Amino acid sequence: MSGSLRAVVIGTGMIGAVHAAAIRSAGGILAGAVASTPERSAQVAKEWDVPARYPDFDAVLADESVTVVHLCTPNALHVPQAEAALRAGKHVICEKPLATSAADAERLTQLAERAGLLLAVPFVYRYHPLVREIRDRRLRGEFGAWQLIHGSYLQDWLLAEDATSWRVDPAEGGPSRAFADIGSHWCDLVEWVAGVRFTELTARIGTTFANRPTEDVAAVLLRTEDGVLGTLTVSQVSAGRKNRLWFELDGADGSAVFDQENPETAWLGAQDGARILVRDPQHGSSEQRRLSRLPAGHAQGYADCFNSFVTDAYTAIEGGAPEGLPTGADGLRSARLVEAVLRSADSFAWTGVSGPRDQETLISQETLT
């Protein structure tokens, strides 16, 4: 599969290496990598065992043999690089946030649609097999009408006062840090799994140290179009928490819990008891089975999600229609949620989440099937 699909990674930090491994896992050809300087590009090419053929981004765009560009650069570079790649006829897989404003995300999404090119955004937590299992059970009506949605995404990498990175700087990372970086993952995952749309919210954000211009924490109260309440806590200063994305969906007939740091099990609750569901490709939904890369009892996790995401993206490039592939429309949705959080934090008021109702229509269609 994808044997002739040639990919180049732009940006060679931690996530760039994850993309590079996923390209190879998906059967693509890792044709090169571009880092911050030609010297660094040559060093990374040696480390990743790829030809050092691209001195800069423009050289990638000029190479007609390159099919897809993976953008793993700081947030502020996503829009100009994605736009240039799309105009050069390349498919684009762009790290989130797709853009630091909803207007830019919308322009990119429309550009990709007009060009007939894939613009994908790695909301890869959708690719945990048990996430697919919970979603499948929701589609089959197992949980009933939602009563409450709640959860958190907690990290601790900015706990120390001197901890920093380009993500803290709004000029490179954008006006929101913690919510745009990880709260966006939670919202994407929960809306997709639960089949809901958060239409309004009220948010408060906070910063632990005065020298940081963007938020460390966020507390968000959400309401869906059906009036269901949700709560989300976001933090990058919670000691001992590394990537604890956790959600609970409470329905009239049952509840479901997923914890990203323990992705091989899910908790299912009923009024007469609860049980732990274990990932097992011999049982459960077709999507759980499809995304289970290993037998039950052999743990799989984040890297497997990423590999499955890139595999699906390449399938879409080749004309397929894989289930649940996050695209530019999902990146745009995320940008609108980020802007609503910032507006609400400024006004201390309930704030609508703007945007077209295409996804609501999709959710309605799902409910009817």
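The exercises below work through cysteines, a sheet, cavities and a pocket in one predicted model.

Local features need pLDDT of at least 70 and side-chain atom pairs pLDDT 80 or more, while totals for chains, interfaces and linings use all residues. Residues are numbered from 1 along each chain, and side-chain values use heavy atoms, without hydrogens or water.

**Exercise 1.** Find how many disulfides the structure holds, and explain why Cys-72 has no such bond.

Solution. 
- A disulfide is a pair of cysteine sulfur atoms within 2.5 Å.
- The closest cysteine sulfur to that of Cys-72 belongs to Cys-94 and lies 8.5 Å away, so the two are too far apart for a bond.
- The structure therefore has zero disulfides.
- Burial is the next step: buried means under 20% relative accessible area, exposed over 50%, and partly exposed in between (1.4 Å probe, protein chains only).
- Cys-72 is buried at 10%, and Cys-94 is buried at 0%.

**Exercise 2.** Give the strand order of the open sheet and identify the strands at its edges.

Solution. 
- Strands (E, at least two residues) and helices (H or I, at least four) are DSSP runs numbered from the N terminus; two strands pair if DSSP finds at least two bridges between them.
- Nine strands follow the order S13-S12-S11-S10-S6-S9-S8-S7-S14, with mixed pairing.
- S13 (273-278) and S14 (351-352) are the edges: each has a single partner strand, so one side of each lacks a neighbour in the sheet.
- S12 (residues 265-270) runs antiparallel to S13, joined by six bridges.
- In this pair, Gly-269 is opposite Ala-274.

**Exercise 3.** Determine how many cavities of 30 Å³ or more exist, and which residues lie nearest the centre of the largest.

Solution. 
- On a 1 Å grid over the protein atoms alone, a cavity is a set of points where a 1.4 Å probe fits but cannot get out; a pocket is an open set with protein on both sides within 12 Å along at least five of seven lines, and lining residues have an atom within 4 Å of a point.
- Points are joined across faces, edges and corners, and a volume is the space filled by probe spheres set on them.

**Exercise 4.** State the volume of the largest pocket.

Solution. 
- The largest pocket holds about 980 Å³.
- Its lining counts 42 residues, and Met-14, Ile-15, Glu-95, Trp-166 and Arg-167 are closest to its centre.
- H8 supplies the largest share of this lining, three residues.
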